[in-house]
Every structure is written in C-alpha cells, then in structure tokens.
Amino acid sequence: AELQQIPVKEGIVKDVLRVVERDSVAVALDRMTQRKQRFALIFTNSSSMLPKAAQRLCGIITLHDIDLLSGSQDESVKEMSCADAGSRRVLCLRSDSNLKEAYETLRNSGLRQLPVLDSSTTNQKSGTYSSTVCPVGIDGRVLGTVDVESIKTAYRLALTRRALSSAESTSSSTLVKPRKEPTKT
C-alpha cells in the first residue's frame, strides 16, 4: 500500500480538544493539561444548545503560542482570549485527501497537526488549502486531526491488513483446491 492510496480518514485522530474563541488562555491551558494535549482547535460558536457540527473552526492555539506569550511575564496573558492568543491562519485537509498529501503538507509547513474537514460539508476546494483570517470561521465540519504519528500508524495498519489478507487468500486457496485423482488407463 502506498501513502497516496490510503484515504486521510484512516489516519484521523477523532478526539480533538475544542475551545471557543472567547475562552481564556488559562481555560485552554487547563484543558490541555487535563487532556495532555499540545493544542486545541478554536471554534466560533459557543452556544451549548447547538451541535458541534454547527460550530465553525476559526483557529488553533498551541502550547508554543502560550509559551511565546508567557515569555513577556505579563499576568494578563492568562486572561487573553484564545482567539487573540492563537493563530487564525489554519491549514486544513479535506477528508477526500490521502495520507501522502497529509504527510507532505505537514512536512512542508513545519506544522505538527492538521485539522481534517468533512468533504461533504465544505465548500472549500479539493485537496489542502490555507484559510486566510476568517472571522466567520472555516466552512466545514471538523472530523479530527492528523499528525505524523497517526499517518505512520494508519500506514502500518494498511500494510498489516494487506499482508494478512494475502496470507489468508493464499491459505484458503490451498485448502479449496481439490485433489487430483489419478487417472485410470
């Protein structure tokens, strides 16, 4: 199995930490600490009455972002909103992308993770894209994220499934073959 033959869906990590744009950096850091995550996706819609699918991705905040801001020793950093502290420029993949596109995008961008948008719910062009600063959020339901480790795992699983499948078909074809009876002359 080659990376371009494996859909990015195979490598998605679905358990994504979410914060809303008005949450404080302190809240985001507390959630990252509890979940042992190095980033959180920032969403625009904070209404708990609406489903997650109605929320729109508008940024990402990472431990690196918080570290850079906290270097100023300013106590107000903890009270800063996630929208102000994080990055509103988000590089995303569509779910109809493949693992090769995901890996190359990560490698070329220097990013550690990429959100994956459901292709059926986004108007964005096919493949990978970079959003500009978009105050209304990126169109599309977030399925999860991919990172280098999840891509490697998906690839290894595909190889293992393929090896088991070919081993199974070899052994079953051996078992199904009828024995040839000697011909009488």
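This is a predicted model: local features need pLDDT of at least 70, side-chain atom pairs count only at pLDDT 80 or more; totals for chains, interfaces and linings use all residues.
In soluble globular proteins, nonpolar side chains tend to be buried together. The largest nonpolar core here has 14 residues. Those with the most contacts inside this core are Val8, Leu93, Leu99, Ala102, Leu114, Val116 and Val146. Four elements each supply at least two of the core's residues: β4 (91–94), α4 (99–109), β5 (113–117) and α5 (148–176).

Leaving aside neighbours within four places in sequence, Ala102 is in contact with Val8, Leu93, Leu114, Val146 and Ile151.

Helix α4 has two sides. Its buried residues are Leu99, Ala102, Thr105 and Leu106. Seen down the helix axis, these residues fall within an arc of 130 degrees, so they line one face of α4. On the other side, Arg107 and Asn108 are exposed. At the start of α4, a side-chain oxygen of Asn98 reaches to within 2.9 Å of the backbone nitrogen of Lys100. Gly110 follows the helix, and its phi is positive, near 80 degrees.

Met32 sits in helix α1 (residues 25–35). Its relative accessible area is 2%, under the 20% cut-off, so Met32 counts as buried. Beyond neighbours within four places in sequence, Met32 is in contact with Leu17, Gln37, Arg38, Phe39, Ala40, Ile61, Thr62, Leu63 and Ile66. One of these, Leu63, is 31 residues from Met32 in sequence. In space, the two are 8.3 Å apart, C-alpha to C-alpha.

Notes: Residues are numbered from 1 along each chain as its sequence is written. Side-chain values use heavy atoms; hydrogens and water are left out. A nonpolar core is a set of buried Ala, Val, Leu, Ile, Met, Phe, Trp, Tyr and Cys residues joined through side-chain atoms within 4.5 Å. Buried means under 20% relative accessible area, exposed over 50%, partly exposed in between (1.4 Å probe, protein chains only). Contact means heavy atoms within 4.5 Å. The arc is that of the directions from the helix axis to the C-beta atoms. A polar contact is a pair of N or O atoms within 3.5 Å; within protein, one must be able to donate a hydrogen and the other to accept it, and residues adjacent in sequence count only if both atoms are side-chain atoms.
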